[in-house]
Amino acid sequence: MWLNGSVPTRTVNQKQGRQVNGLLTRLLAQLLERDCRLCHEHVPSGEALCPQCRNALPWLSAGCSRCADPRAPACECGHCQRYPPAFDRVVAGFEYRDEVASLIRRFKHGGDLSAGRVLADALAEQCPTDLPPTLVPVPLDRRRLRERGFNQAIEIARRLPGGIASGLVVRGGSHQPQSLLAAHQRRRNIRHAFRLATDQVPTRLTIVDDVVTTGATVRELARILARAGAREIMVCALARA
Ligand SMILES: [Zn+2]
Ligand SMILES: [Zn+2]
């Protein structure tokens, strides 16, 4: 009885299995044969960008070994030597200029999520393989999140290898946008902007942000995460200004 009943079921399952397999093969083929995200030329390797678009972007090649400041030599810059940050290193894909700056503006202020994905996918291809897998996107305060409708750092983190721990830290609401302030004002403005939402902080983590400018935001976030027990803190950003 049990055996008889199971025969037709198995036949149907096998047929469905073949259909699912065919669908998976097609989806896989589409994923492997993606087009360049900027010019839509076919890219046989499946990478995010075709060689022409890749070469046209301002990739971050050298800079401070700690904060990735592109104006500094390849060793630690004077600022990092005088005021060592709590993070180990900033990994950034690009210098914040030209096409990259306009893609990031489109992403953040124009709500064009695909512009952010282009850069995040290119960044993901550059990430070191030993990047700590717990991703901590820089939080937005509630008002800014409501205005924008999304947190750009979470959108970037979605494209990076690892798992997102977005509820770890919250951001208070009384601070001005960092982009409107000078360097010394940024440091004061961001001080105590973040609050831990848990006492369970992983020992290895990666802070994710869109643009590192003076570094004041990621320095402050790294400071409170280190104080709560994080021992290895990397920062991953689309661009370094
Ligand atoms: Zn292209
Ligand atoms: Zn530095």
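**Reading the fold**

Trainee: Where is Gly215 found?

Mentor: Helices (H or I, at least four residues) and strands (E, at least two) are DSSP runs, numbered from the N terminus. With those labels, Gly215 belongs to the loop between S6 and helix H9 (216–227).

Trainee: What kind of model is this?

Mentor: Residues are numbered from 1 along each chain as its sequence is written, while chains are lettered from A and ligands numbered from 1 in the order in which they are written. Local features need pLDDT of at least 70, side-chain atom pairs count only at pLDDT 80 or more, and totals for chains, interfaces and linings use all residues: this is a predicted model.

Trainee: Is Gly215 buried or exposed?

Mentor: A residue is buried if 20 or more other C-beta atoms, placed from the backbone, lie within 10 Å of its own, exposed if 12 or fewer, and partly exposed in between. Gly215 has 28 other C-beta atoms within 10 Å, so Gly215 is buried.

Trainee: Leaving aside neighbours within four places in sequence, which residues is Gly215 in contact with?

Mentor: Two residues are in contact if their C-beta atoms, placed from the backbone, lie within 7 Å. There's also a C-alpha separation of 9.7 Å between Gly215 and Ala68, which sit 147 residues apart along the chain. Once neighbours within four places are set aside, the contacts of Gly215 are Cys67 and Pro85.

Trainee: How far apart are the end C-alpha atoms of helix H4?

Mentor: The expected span of a helix is 1.5 Å times one less than its number of residues. H4 has 12 residues (98–109), so it should span 16 Å, and the end C-alpha distance agrees: 16 Å.

Trainee: Which residues of H4 are buried?

Mentor: Look at both faces. The one turned away from the buried side carries the exposed Asp98, Ser102, Arg105 and His109. Cover for the buried residues comes from elements including strand S1 (89–95), helix H5 (113–126) and strand S7 (232–240). Those buried residues are Val100, Leu103, Ile104 and Phe107.

Trainee: Which residue is the bridge partner of Leu135 in S3?

Mentor: Strand S2 (residues 134–137) runs parallel to S3, and 2 bridges join them. In S3, Leu135 is partnered by Ile164.

Trainee: What is the phi of His192?

Mentor: Most residues other than glycine have a negative phi. His192 sits in the loop between helix H8 (183–190) and strand S5 (194–196), and it counts as exposed because it has 11 other C-beta atoms within 10 Å. His192 isn't a glycine, yet its phi is positive, near 65°.

Technical notes: Pairing = 2+ DSSP bridges.
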